[in-house]
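The exercises below each set a task and then work through it step by step. Please examine the chains before reading the solutions.

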Amino acid sequence: MANLLSIKNLHANIDGKEILRGLDLEVNNGEIHAIMGPNGAGKSTLASVLVGNPNFEVTEGEVTFEGKDLLELAPEERACEGLFLSFQYPVEIPGVSMVNFMRAAVNETRKHKGLEPIAASDFLKLMKEKRELVDLDSTLASRSVNEGFSGGEKKRNEIFQMAMLDPKLAILDETDSGLDIDALRIVAAGVNKLRRKDNATIVITHYQRLLEYIKPDFVHVLYKGKIVKSAGPELALELEEKGYDWIIKDFQD
Amino acid sequence: MIETQYIDLFTEHRSLIDSKSTKVLNDERNKAFEIFKTLGFPDRSLEDYQYSDVVKEFIPDYGFNLSRLSTQTNPYNAYKCNVPELSTNLFFLMNDTFHKEHQPKTDFPKGVFIGSLNDFAEQHADIASKYYGKVAQLENNAIAAFNTMFVQDGFVIYIPDNIVIEQPLQLINILTANVDFLVNRRLLIIAGKNSQVKLLACDHTVDSHKFLATQVTEIFAEENAHIEFYELEENSNQVTRLASTYVQQEKSSTVLVNNITLNCGFTRNNYHVKLNGENAEATIAGVVIADKVQHVDNFAFLDHAKPHCQSTQLFKYVLQEQAVGSFCGRILVEQDAQKTIAYQTNNNLCASPDARMYSKPQLEIYADDVKCSHGLTTGQLDEDALFYLRARGIAKEDAKLLLMQAFTADVLKLIHIDVLRDRLEELVEKRFRGEEARCGDCAICK
């Protein structure tokens, strides 16, 4: 059986500048992968490229998702196929209510699977259940998407959306940045509750802190657009202790 | 000169025009005619008409209905408005004639007059002459002068002191003819002290001919009167609408004017609001959705003549294809108008590379203790927001639709009649989807 996600020799540019330079990664169901690395290594670029952000240009390599060529798909098709990104900087959209936003998103994914639109009562039940998972209150539905949300609320809102859409592969891009310890616990608990044998998570983070709550199976170090080291969870601790220098010194120009 | 044909027409048919109208209206014609002859139509050399060539709209050869022949269409049979609860108090202007048959049977409180301008001017000449033509500033508005020269009927709402009309009134302006046609409509809304009234005026076109409609609306809000005036334009692309709305507000009155341009050919809306008593509050708002080669120009002039008044202007445009939009908002704070609060916002979305928007805020402040602000933005759809929606599985076109709807949402929120707001949100959504945004069961539009 094909890997859930398979990345081979991925090269990607932004504004003509090469950020990813031959990245390989394989992710299977049931796994949590952590991608760590110093600033500017290409962590967020990887996330953006995977979900199809049009600001990035793939110049080489291939990415398959359940055997399908991911790079051929529009961002919305990738989402409907079960790919989810928790944005590092969630976008504020004044005038679009969370309830309308989520109804549209849920129904689009259902349509993609050949399902009827969700019944109104089922939808409201689902909203309630999932927002409670990340401790968001009932005013959420009527609020505009991320507008006026605190930093912590925005990140919890990302996990709420993840819970609503139930993706096969979730990518958490610096979900821990700007979070206090309580919010971090809520977010991590949410992610852990959503973990199943038939889905997977990529956690992109700068610090080891989040990995105390979300236990990865694999830790990768990304540097200069390539994965330069992969190991088990113990690598995160080692990085916390020694920094990145001992790994990246061999790859410096 | 384009004016000549209209000057000749007026001179030749003056007695016919007068004979089919009433004294109150006829008394204003000489003055209007003199002004029109002096000013001529406003061309683009005038700053306020820089971006809208209204003169060329008068070039085609239009028919007039000066002898007031009645139209064949029975609007009541043809028109079924699909805004529940609103459809009961329905009135019609067929071109520029009040439709007297089949008026609603509602018993309005004693003293209230809702109906034909001519009838009102005959039955209540004293009140009519006190208000008619008294707030429209013809000397600065040749098209309003033109309207005053030719106008022979219109629609009046007169609410005496202390009377509240709970249920919204609805006026349907229907354009129908078998030749290219010019109509001159007149609306007069008088709300006495402590009175309240709400009016929705809808513009519909029945025939595919070219129409030019001038409209002058005069609104008087006496002390503590509350008026809501909604306008919905759903004309064909062959219609030119040149409208001027004049509002005079006394102490503690509130007036809301909310204009939604859903479909049109060439539209120019002027708003002149005079806050003439302390603690008066005016909100002038508009949504414009335009595509093809539609042209929409809103011009708002808020005159703060007295202290402690508040005004809000909120105009939003969504322009697609080769549509052209123009907005000019002027706030004048007179020397005595201390503690004025005046806000102006104009946000525009050019959703195609060919769409054009001209926007011009103007503040003229002579008092020293005031709070005034203006903000205007013109841009494209937010790419980050668009991507965010798509990343959640929402198809690009649907995501655009959500964002365009969201963009207009705050103007629609100003509509205080729930059923109307819901209906309009629906119509706006349809319009963005590219479906014919027609009023549901409105047989006339089908």
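**Exercise 1.** Determine what share of the residues of chain A is buried, and describe the overall form of this chain.

*Solution.* In this predicted model, 45% of the 253 residues of chain A count as buried, where a residue is called buried if 20 or more other C-beta atoms lie within 10 Å of its own. The next step is to list the secondary structure, which in chain A consists of eight helices and twelve strands. The radius of gyration of chain A is 18 Å, close to the 18 Å that the globule rule gives for 253 residues, so the chain is as compact as a globular protein of that length. The C-alpha trace of chain A spans about 55 × 40 × 35 Å along its principal axes. Finally, among the contacts in chain A with a separation of 6 or more, 72% are made by residues 24 or more positions apart.

**Exercise 2.** Work out the strand order of the nine-stranded sheet in chain B, and find which strands stand at its edges.

*Solution.* The nine strands of chain B form an open sheet with mixed pairing, in the order S3-S4-S6-S8-S10-S12-S14-S16-S18. At the edges stand S3 (113–116) and S18 (356–365) of chain B, each with a single partner strand, so one side of each is left without a neighbour in the sheet. From one strand to the next, the twist averages 5°.

**Exercise 3.** Describe how S4 and S6 of chain B pair, and locate helix H7 of chain B relative to the strands.

*Solution.* Strand S4 (residues 155–159) of chain B pairs with strand S6 (residues 181–191) of chain B in the parallel sense, over five bridges, and Phe155(B) stands opposite Leu187(B) in S6(B). Helix H7 (residues 142–150) of chain B lies across S6, S8 (211–221) and S10 (239–249) of chain B, and runs at about 95° to S8(B).

Conventions:
Residues are numbered from 1 along each chain as its sequence is written. Chains are lettered from A and ligands numbered from 1 in the order in which they are written. This is a predicted model: local features need pLDDT of at least 70, side-chain atom pairs count only at pLDDT 80 or more; totals for chains, interfaces and linings use all residues. Two strands pair if DSSP finds at least two bridges between them. Helices (H or I, at least four residues) and strands (E, at least two) are DSSP runs, numbered from the N terminus. Axes are lines fitted to C-alpha atoms, for helices over the stretch in contact, and angles run from 0 to 180 degrees between N-to-C directions. Two residues are in contact if their C-beta atoms, placed from the backbone, lie within 7 Å. The radius of gyration is taken over C-alpha atoms; the globule rule is 2.2 Å times the number of residues to the power 0.38. A residue is buried if 20 or more other C-beta atoms lie within 10 Å of its own, exposed if 12 or fewer, and partly exposed in between; C-beta atoms are placed from the backbone.
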